[in-house]
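Here is a short briefing on one protein model. Look at the sequence and structure first, then read on.

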Amino acid sequence: MGRSIRVAVIGAGMAGILAAIKLRERDIECVVFEKGDSVGGTWRENQYPGLACDVAAHWYTYSFARNPEWDSLMAEGKDIRAYFERVARDFGIMPLIRFNDEVVQLRFDEAGWDLLTASGHTDRFDVVIAATGVLHHPNIPHFDGIETFSGAAFHSVHWDHDVELDGKRIGVIGTGSTAAQLTSALVPRADQFQLFQRTAQWVMPRENISYTEEDKARFRENPAVLEELVRELRSKTLEGFANAVIDYDSPELAAIEQLCQENLETIRDPDLRQRLTPSYRAACKRLVISNTFYDAIQQPNAELVTSPIERVEPEGLRTADGQLHELDVLVLATGFKVDRFIRPTRVIGRNGVDLDAVWADGPKAYLSMSVPDFPNFFLLNGPNSPVGNFSLVEVAQHQIEYILQLVDGIRRGEYTEVSATEEAMQQFETERCEAAQKTVWVTGCDSWYLDKQGVPASWTFSYDRFEQETKAPRMQDYQVHAAHSSTASQGGVREQDQAGRRVK
Ligand code: N01
């Protein structure tokens, strides 16, 4: 097809591997820049005990590389990491990756991007695809006295595997999905385990079905059977969950609330049950999905601490009720800064406009993928993508197919620059914020879904709309520049060829 172009992919996690595979399929030259020393993204970074994916494993795979070998419905983190490593190897992506070198700057100039890495390496690309993840930069709150702690203290994403856990006094701060998984994994190993809860969480039970060797053989021998399973898992989640989160009056949300409530009632001690009872609606914060958390927190060596943390002392945590909780190990399961995306990489778009300035009030992108004045720059799992208990693999697959249709326009020579128009971006944001009013995320809780203005930083429409919108670009929502033409056109209807003639 027409022009040959070069594409930089930033990040070699799930979305970056996907982008590289799809670019290669189209014979597009690509370089993947990875700051770490291996692939896997979040599954490489997170290695805490109990790490698993609460999205059904068979659905949490690329549609072109299903995996018949999962042992259970919800796979362990190490197996998911191994899956992404294997796919990257099998699809010949490894040689395309430049490891251990962080991209620090991207500057747009004359229909291309100048890229600079931390080591001083420079290169130029026609297109950049940011596949840098959402839950990536840890949120590490300051606790007074933390530097005086005599034990081991670290964030869940910086797990220190040299620290002994068995028979120790372990404290975990936080009650999100990470803390719940840690609790289930660490209570059986600790001498004493304390969970420091600021806000109670709704916990939805889900049995973690095991797959037998016969099941796996069936999936292996007959991909249609495996595909049917994926369809089932997918539609169960979408039917039960997608509507629930965007409509707080929906029967689906009522059903989730009932399941969570019934689960909570399994807590035997009324005082513990009361302290574990959230004061907001289920799914307002991301649902914790676990069949083991409540059992773990009820064990004799486990304690739920709800008095606020006052400070850290050499021996442990002092809470507002004056009690000192003596600890050997302190884990901050305090979540992530979710508004970073490609940053801290400096991204300078058309006419010197800085992405940091454009995103000063929060990251925004048209359909989560394109930012006005940042031509030929696209995001996977970018701002306001569907999040929550969906398969982000599937989300990224929809997005890359859409982005590649825009990239194909460059290859065909229809234009040299393409980015969403300001009007399309504004219209999308207006509709997105309006739709947010009916979502469960605004029903009275604080969560990482909410931006500084209290608007959910998420896809607030139906999942069907996401699939519809990502089928094909509406070119009237894009500003394109034709080759060697100084004339920009809105909507792709007045493009000019190299001689400046109108071509459409
Ligand atoms: O982080 P979180 P996470 N003092 O932000 C508390 C995905 N994930 O790492 O609720 C005391 O949910 C904070 O308290 P509060 C998934 O999308 C997926 O657990 O703000 N506490 C909260 O309890 C998930 O949603 C899987 O009052 C403080 C906790 O820390 C996302 O990652 C597994 C505090 C943070 O919870 C993030 O989950 C794991 C402070 N100063 C994670 N600051 C899967 O299975 C924060 N907290 C796919």
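How much area is buried between domain 1 and domain 2, and what share do carbon and sulfur atoms give? The buried area is about 2,700 Å², and carbon and sulfur atoms give 58% of that. Buried area here is the accessible area (1.4 Å probe) that two parts lose on being put together, summed over both.

This is a predicted model: local features need pLDDT of at least 70, side-chain atom pairs count only at pLDDT 80 or more, and totals for chains, interfaces and linings use all residues. Residues are numbered from 1 along each chain as its sequence is written, and side-chain values use heavy atoms, with hydrogens and water left out.

**The two domains**

- Domain 1 covers 6–137 + 337–416, and domain 2 covers 146–209 + 216–332. These bounds come from an automatic or database domain assignment.
- The domain centres, taken over C-alpha atoms, are 28 Å apart.
- At the interface, 25 residues of domain 1 are in contact with 31 residues of domain 2. Contact means heavy atoms within 4.5 Å.

**Across the interface**

- Five salt bridges are counted between domain 1 and domain 2. A salt bridge is a side-chain nitrogen of Lys or Arg within 4 Å of a carboxyl oxygen of Asp or Glu.

**Aromatic rings**

- The structure holds 27 aromatic pairs. Rings of Phe, Tyr and Trp (its six-membered ring) pair if their centres lie within 6.5 Å; planes under 30 degrees apart count as stacked, over 60 as edge-to-face and the rest as tilted.
- Phe154 and Trp159 form an edge-to-face pair, 4.8 Å centre to centre, with 70° between the planes.
- Phe154 counts as buried because its relative accessibility is 9%. Trp159 is buried too, at 10%. Buried means under 20% relative accessible area, exposed over 50%, partly exposed in between (1.4 Å probe, protein chains only).
- Ring pairs link a cluster that includes Phe241, Tyr366, Trp459 and Phe461.

**Charges over rings**

- The charged end of Arg465 sits over the ring of Phe461, 3.8 Å from its centre.
- Lys438 has its charged end over the ring of Tyr248, 5.3 Å from the ring centre.
- The rule asks for NZ of Lys or CZ of Arg within 6 Å of the ring centre and within 35 degrees of the ring normal.
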